[in-house]
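Q: Please take a close look at a single part of this model, and describe with care what lies around it and what it pairs with.

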Amino acid sequence: MSEKAVIVVDRGIPLGLLANAVAVVSFSLGQAVHRLCGDEIRDASGNAYRGVIRIPLPILAASPERMLQIRDAVRKKDFEEVVAIDFTEQAQRPQTYDTYSELMARTAGDDIVYRALALCGSRKLIEKLTGNLPLLR
């Protein structure tokens, strides 16, 4: 498969918020790119296991500013095939989706603080966007 997926996170946030951000963008990426997950499989005893992602999904670290640069690049024509899932500081605060939607409608693009990005697309494009980022450790 010449596709690649990555998650980029802000390593500066507390571990619980980081785990939440990774979970949210992973879930959303799976919904947006259905072909990523494999079919149900069975073990030798006949027990069923739901399909999991077919390709590696590295978790990379970047600053919110670097994530904003990546997100801005994805909006350009050269990267229009890349699926990008944004998760922002603005998304982590509200208790309801409606409140989040209202907050985002009042927030200028330059004021968005990125906490995580999930990206999926051709290996070449994803590596161009994230190839210099370290693994989260």
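A: Helices are here DSSP runs of H or I with at least four residues, and strands are runs of E with at least two, numbered from the N terminus. The model is predicted, and under this naming Q31 has its place in helix α1, residues 15-32. Q31 counts as exposed, because its relative accessibility is 55% and the cut-off for that class is over 50%.

The part to look at closely is strand β6. Of the nine residues in β6, which spans residues 114-122, eight are buried, so the strand is largely enclosed by the rest of the structure. Strand β1, residues 3-10, runs antiparallel to β6 and is joined to it by seven bridges, with V8 finding its bridge partner in L117 of β6. Strand β5, residues 83-88, also pairs with β6 in the antiparallel sense, over six bridges, and here the bridge partner of F87 is A116. In a regular strand, side chains alternate between the two faces of the sheet.

From β1, the description can be carried on through side-chain contacts. Nine salt bridges are counted in the model, among them one between E3 and R35, with N and O 2.3 Å apart. Since E3 lies in β1 and R35 in the loop between α1 and β2 (41-42), this pair ties together parts that are 32 residues apart in sequence. E3 counts as buried at 13% relative accessibility, whereas R35, with a relative accessible area of 49%, is partly exposed.

A further salt bridge joins K4 to E127, the closest N and O atoms being 3.5 Å apart. E127 lies in helix α5, residues 123-130, and K4 in strand β1, so the pair links parts that are 123 residues apart in sequence. K4 is buried, at 17% relative accessibility, while E127 is partly exposed at 36%. E127 also meets R123 in a salt bridge, again given as 3.5 Å from N to O; R123 and E127 are four residues apart in helix α5, and are therefore separated by about one helical turn. R123 itself is partly exposed, with a relative accessible area of 38%. Elsewhere, salt bridges with shared partners join D10, E89, R93 and R115 into one network.

Technical notes: Residues numbered from 1 in each chain as written. Predicted model: local features only at pLDDT ≥ 70, side-chain atom pairs only at ≥ 80, totals over all residues. Heavy atoms only, no water. Buried < 20%, exposed > 50% of the residue type's maximum accessible area, 1.4 Å probe, protein only. Pairing = 2+ DSSP bridges. Salt bridge = Lys/Arg side-chain N within 4 Å of Asp/Glu carboxyl O.
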